[in-house]
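Okay, thanks for having me.

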Amino acid sequence: MHTGLFHTLDFDADGRVLDHLGIPFSVDRSPYFHVKVPVARIRNGDGPRVLLMAGNHGDEYEGEFALARLIRRLDPARIKGAVTILPMANAPAVRASKRCSPLDGGNLNRAFPGDPDGTPTQRMAHFLEHELFPCHDVVFDLHSGGTAMAHLPCALIERQADPQRQERAVGLMRALGLPHGFIADNGPAAPTSMGAAVRAGIIGLSGEFGGGGTVTPATMRGATAAIDALLLALGIIDAPVLGPAPVAGPMRLLSLARHAQAIYATAPGWFEPAVEVGAEVAAGDLAGWVHDLDRLEVAEAPLRFAEAGIVISHRLHSRCEPGDCLIQVAEVLDAG
């Protein structure tokens, strides 16, 4: 075990274990400080092995709440296989309610494959990709739009080069029961958890379940139903744990693969969207406006979509700076 991250988990032991990962990192307040990352391991014999994680970004709460509840409800005697749960993977960011870690500015979902001798975020990414992911068959990383974005509830996979693995990933994504799923084309070197799953040779699933730095009853129902659905599809449980039996309806497959599918701010201003998340749009349709409230004689600037598809996210903070992503549209691959 590399000294950059400590744990005492026994991956071969049956039962339930609640523990912490420890990442040494000296701070002004505490020279021998460890970043403590809660982790649970629940196992009952041989069978499928799944890693459930949330808090990759600290301001995305559906997964954090749902996985904390799952830890308390999942009975080792009633499962087959093993479930590892990280409800706050980027623990410093979660505790600060921020997208990135206040300790090192690290965005965990852009830090893979990590560095065992790097910052706490880099060490966590290295541990996940090189030690934890390879001990599992499937990883499910739960997200939302966070404080800054409204996001269409949907599942996500990274495109797999192997056709059989791609078919398996799409099948599990459909089993989550969400109305939309999209296939990302970030490539084998993607610095995300889904890129790390590809490199580790396991199935990676992700999902977006809300946004705005809060949760709603609807977004929590979506997250808990997806977790139950995955555990049922893998055969780890035989009845829902977090809620009523999930109902898997048809899933429309989407693709988000090109920068032209997004509109970015090119000047400071205030963004006003013209369409809701989930709207179907054509190329040339009005996407919104950017206002310049410091120059009231200047009319708001219209923004138009370059491509057709479904609006998958838009910025919630009206104030924008050059480079901010304002709105995204995903291409429809099939109608489910």
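So, cysteines to start: the sulfur of C320 is 11 Å from the closest cysteine sulfur, the one in C325, and that's too far for a bond. A disulfide here means a pair of cysteine sulfur atoms within 2.5 Å. C325 is in no disulfide either, and a search of the whole structure turns up zero. C320 is also buried, at 0% relative accessible area; buried is under 20%, exposed over 50%, partly exposed in between, with a 1.4 Å probe and protein chains only.

Quick caveats. This is a predicted model, so local features need pLDDT of at least 70 and side-chain atom pairs count only at 80 or more, while totals for chains, interfaces and linings use all residues. Residues are numbered from 1 along each chain as its sequence is written, and side-chain values use heavy atoms, leaving out hydrogens and water.

Now, the cores, meaning buried Ala, Val, Leu, Ile, Met, Phe, Trp, Tyr and Cys joined through side-chain atoms within 4.5 Å. The largest has 41 residues, with L52, L70, F140, I227 and L230 making the most contacts inside it. Helix α6, residues 217-234, gives the most to this core, seven residues. Apart from it lies another core of 39 residues, including M88 and F112.

Last, helix α3, residues 120-132: 10 of its 13 residues are buried. Helices are DSSP runs of H or I, at least four residues; strands are E, at least two, all numbered from the N terminus. The buried α3 residues, among them R123 and E129, pack against β1, β2, β3, β4 and α5, with contact meaning heavy atoms within 4.5 Å.
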